[in-house]
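Here are my notebook entries from an afternoon with this model. Have the viewer open and follow along.

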Amino acid sequence: MTDAPILRVDGLGKAYGRRIACRDICFDLWPGEVLAVVGESGSGKTTLLNCLGGLIAADAGTVRYTRRGGGEIDLATAGEAERRAILRAEWGFVRQNPRDGLRFGVSAGANVGEPLMAIGSRHFGKIRSTASEWLEAVEIDAHRIDDLPSGFSGGMQQRLQIARNLVTHPSIVLMDEPTGGLDVSVQAKLLDLIRRLVRENGVSAIVVTHDLGVARLLADRMLVMKEGEVVESGLTDQLLDDPQAAYTQLLVSSVLTV
Ligand code: ADP
Ligand code: MG
């Protein structure tokens, strides 16, 4: 890790009408670090991630990102075109539902090749061979390169999303419940794959999950959210072994007793 965060989030907030979805969220993300955002359903995790990923506009706060070439930009106040270009080239976003993160009308290969074309690749043969390598990297048989994602199982669709989002070698990848809705055995394999690919590619990641087991397996550090606010943060092992906030203690003990 270098000596400066790649992302500095400060005072981030978002309300839907009078309902506050998240409030005063502050954290740093370091190069190569995996940060888990945990909390029960409705605690504001997806809203936070969608604000970071530019899907919705935050009402307050700054999202200062250190660009690949150096130089910091506040994505919360950047112009729309510039923000989109940066996110496309330097970030990935694995959505909770593959329907939101894949294009079901085009082949698996096109799903992986498109982000490359979006950042300027033009050589068809190279794009196809890179797509093929990435399918193999996420344990999808490269012979299925021309198949539509609709013929894939839920676990394969999530792996395809991961390939689509890592193929451009992003600096930061956001993942919203990447193993949610999958069978337990499929989840375990997918978690191993995510852990390996994130480490191998040196990418920084923010992983939203309601599952402390996912956080323990993937994350260096954790934020615990409750009703839109961060109630505790710290190194994953320390936080899970010795939770300080009453709410985190409750979360941890409820997992241990099931
Ligand atoms: P989580 O991902 O932790 O389950 P969300 O970020 O989806 O939580 O939701 C946080 C709160 O914001 C919830 O109370 C939810 O009902 C509300 N919320 C989320 N999205 C919307 C929306 N588009 N319109 C109105 N309220 C929303
Ligand atoms: Mg959510």
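**Entry 1, contacts and overall form.** I began with contacts, meaning heavy atoms within 4.5 Å. Residues 24 or more positions apart account for 66% of the protein's contacts with a separation of 6 or more. A note on ground rules: this is a predicted model, where local features need pLDDT of at least 70 and side-chain atom pairs count only at pLDDT 80 or more, while totals for chains, interfaces and linings use all residues. Residues are numbered from 1 along each chain as its sequence is written, chains are lettered from A and ligands numbered from 1 in the order in which they are written, and side-chain values use heavy atoms, with hydrogens and water left out.

I then looked up the secondary structure, taking helices (H or I, at least four residues) and strands (E, at least two) as DSSP runs numbered from the N terminus. The protein has ten helices and ten strands. Its radius of gyration is 18 Å, close to the 18 Å from the globule rule for 258 residues, so the protein is as compact as a globular protein of that length. That radius is taken over C-alpha atoms, and the rule is 2.2 Å times the number of residues to the power 0.38. The C-alpha trace spans about 55 × 45 × 40 Å along its principal axes.

For burial I used relative accessible area: buried is under 20%, exposed over 50%, and partly exposed in between (1.4 Å probe, protein chains only). By that count, 49% of the 258 residues are buried. The protein exposes about 12,200 Å², and carbon and sulfur atoms supply 50% of that area. Accessible areas come from the Shrake-Rupley method with a 1.4 Å probe, and for residues only the protein chains shown count as cover.

Which residues surround ligand 1? I found Tyr16, Arg19, Ala21, Glu40, Ser41, Gly42, Ser43, Gly44, Lys45, Thr46 and Thr47, where near means that a heavy atom of the residue lies within 4 Å. Strand S2 (19-29) and helix H1 (45-52) each supply at least two residues of this shell, and H1 gives the most, with three. By class I noted two nonpolar, six polar and three charged residues. Here Ala, Val, Leu, Ile, Met, Phe, Trp, Tyr, Cys and Pro count as nonpolar, Asp, Glu, Lys and Arg as charged, and the others, Gly among them, as polar.

Next came polar contacts, pairs of N or O atoms within 3.5 Å; within protein, one must be able to donate a hydrogen and the other to accept it, and residues adjacent in sequence count only if both atoms are side-chain atoms. A polar side-chain atom of Arg19 lies 2.6 Å from a ligand 1 oxygen. For the side chain of Lys45, the distance from an N or O atom to a ligand 1 oxygen is 2.8 Å; for that of Thr47, it is 2.6 Å. The protein covers 61% of the 560 Å² of accessible area that ligand 1 has on its own.

Leaving out residues up to four places away in sequence, Gln161 touches Phe93, Val94, Arg95, Asn97, Pro98, Gly101 and Leu102. A polar atom of the Gln161 side chain is 2.8 Å from the backbone nitrogen of Arg95. Gln161 and Gly101 are 60 residues apart along the chain, yet their C-alpha atoms are separated by 6.3 Å.

Thr168 sits in the loop between helix H6 (154-166) and strand S7 (172-176). At 9% relative accessibility, Thr168 is buried too. Beyond its neighbours within four places in sequence, Thr168 contacts Ala89, Pro115, Leu116 and Ile119.

I found Asp74 in strand S5 (residues 72-74). Asp74 is buried, at 17% relative accessible area. A polar atom of its side chain lies 3.0 Å from the backbone nitrogen of Ala76. Sequence neighbours within four places aside, Asp74 contacts Thr62, Val63 and Arg64.

Most residues other than glycine have a negative phi. Glu139 has a positive phi near 65 degrees; its place is the loop between helix H5 (124-137) and H6. Glu139 counts as partly exposed, at 42% relative accessibility. Glu227 has a positive phi of about 45 degrees and lies in the loop between strand S9 (221-226) and strand S10 (229-235). Glu227 is exposed, with a relative accessible area of 62%.
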